[in-house]
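Colleague: I would like to learn how to read the features of a model like this one. Please give the general idea each time, then the case at hand.

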Amino acid sequence: PTRRPLWPSLLASAEKPPPSLVQENVRTIELLRSLHLKGRIVLLEADHSRGFYANLDYQRVAQWDKGQDEKFWPFVHRFDIGVIVINDRLRWDTRFNADPDFKALLDGGEREDFVMMPVEGTHATLAVRKRVLDAAK
């Protein structure tokens, strides 16, 4: 009694573009793949699986691994983070959005050797250490 016809739902999904979050994930993965990163990559991201789908040898560091009172740069150094996926989930996380060092990274302040790479068509940005990029050459 609660069954719905299968065909209309399949056709409807084919007619509409994917949600913007899907596009953000796909484009971020495409950018990661295009960099041809080599070696073990320590990846800070608020979501899962970008490293997997980008075929990276990676270790994920989740946003909750940062303590509420831990400063951004000591956190980055503690895990030796080489790539940061900066998206709205990371920007709005209370562990990050109240951290002056993280805000400075976003606003063009202290970046150490991170190179900022906007993900085309999204609000996301990849921050990649220069040494990680150099290892890919």
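Colleague: In which sense do strand β1 and strand β3 pair, and over how many bridges?

Modeller: First the basis: this is a predicted model, where local features need pLDDT of at least 70, side-chain atom pairs count only at pLDDT 80 or more, and totals for chains, interfaces and linings use all residues. Residues are numbered from 1 along each chain as its sequence is written, and side-chain values use heavy atoms, with hydrogens and water left out. Strands (E, at least two residues) and helices (H or I, at least four) are DSSP runs numbered from the N terminus, and two strands pair if DSSP finds at least two bridges between them. Here β1 (residues 40-44) and β3 (residues 83-86) pair in the parallel sense over 2 bridges. Leu-43 has Val-83 in β3 as its bridge partner.

Colleague: What is the strand order of the open sheet?

Modeller: The order is β2-β1-β3-β5-β4, an open sheet of 5 strands with mixed pairing. At the edges are β2 (57-61) and β4 (114-118), each pairing on one side only. From one strand to the next the twist averages 25°; for such angles, axes are lines fitted to C-alpha atoms, for helices over the stretch in contact, and angles run from 0 to 180 degrees between N-to-C directions.

Colleague: How many helices and strands does the protein have?

Modeller: The count is 8 helices and 5 strands. Along the sequence they follow the pattern α-α-β-α-β-α-β-α-α-α-β-β-α.

Colleague: Is Met-116 buried, exposed or partly exposed?

Modeller: Buried means under 20% relative accessible area, exposed over 50%, and partly exposed in between (1.4 Å probe, protein chains only). Met-116, in strand β4, has 22% relative accessibility and so counts as partly exposed. Over the protein, buried residues make up 38% of the 137 residues.

Colleague: Which residues is Met-116 in contact with, leaving aside its neighbours within four places in sequence?

Modeller: Contact means heavy atoms within 4.5 Å. With those neighbours left aside, Met-116 touches Ile-86, Leu-105, Arg-111, Thr-125, Leu-126 and Ala-127. Thr-125 belongs to strand β5 (residues 125-129) and is buried, at 15% relative accessible area. Beyond four places in sequence, the contacts of Thr-125 include Ile-84, Val-85, Ile-86 and Met-116. For the protein, residues 24 or more positions apart account for 58% of the contacts with a separation of 6 or more.

Colleague: How many aromatic pairs does a search of the whole structure find?

Modeller: Rings of Phe, Tyr and Trp (its six-membered ring) pair if their centres lie within 6.5 Å; planes under 30 degrees apart count as stacked, over 60 as edge-to-face and the rest as tilted. The search finds 8 such pairs. Phe-72 and Trp-73 have ring centres 4.9 Å apart and planes at 70°, so they are edge-to-face; both residues are buried. Phe-96 and Phe-102 are edge-to-face too, with centres 5.2 Å apart and planes at 65°. Phe-96 is buried at 0% relative accessible area, and Phe-102 is buried at 1%. Ring pairs join Phe-72, Trp-73, Phe-75, Phe-79, Phe-96, Phe-102 and Phe-114 into a cluster.

Colleague: Where does the charged end of Lys-66 sit?

Modeller: A charge sits over a ring if NZ of Lys or CZ of Arg is within 6 Å of the ring centre and within 35 degrees of the ring normal. The charged end of Lys-66 sits over the ring of Phe-96, 5.4 Å from its centre.

Colleague: Which residue forms a salt bridge with Lys-66?

Modeller: Side chains of opposite charge can pair when their charged atoms come close. The criterion for a salt bridge is a side-chain nitrogen of Lys or Arg within 4 Å of a carboxyl oxygen of Asp or Glu. The partner of Lys-66 is Asp-99, the closest N and O atoms being 3.2 Å apart. The pair links distant parts of the chain, 33 residues apart: Asp-99 is in the loop between α6 (94-97) and α7 (100-106), and Lys-66 in the loop between β2 and α4 (72-79). Asp-99 counts as buried at 4% relative accessibility, and Lys-66 is buried at 1% relative accessible area.

Colleague: Why does the salt bridge of Asp-47 and Arg-89 tie together parts that are 42 residues apart in sequence?

Modeller: In this salt bridge the closest N and O atoms are 2.3 Å apart. Asp-47 lies in the loop between β1 and α3 (50-53) and Arg-89 in helix α5 (residues 88-92), so the pair ties those parts together. Asp-47 is buried, with a relative accessible area of 11%, whereas Arg-89 counts as partly exposed at 45% relative accessibility. A network of salt bridges links Glu-24, Glu-45, Asp-47, Arg-50 and Arg-89. A search of the whole structure finds 13 salt bridges.
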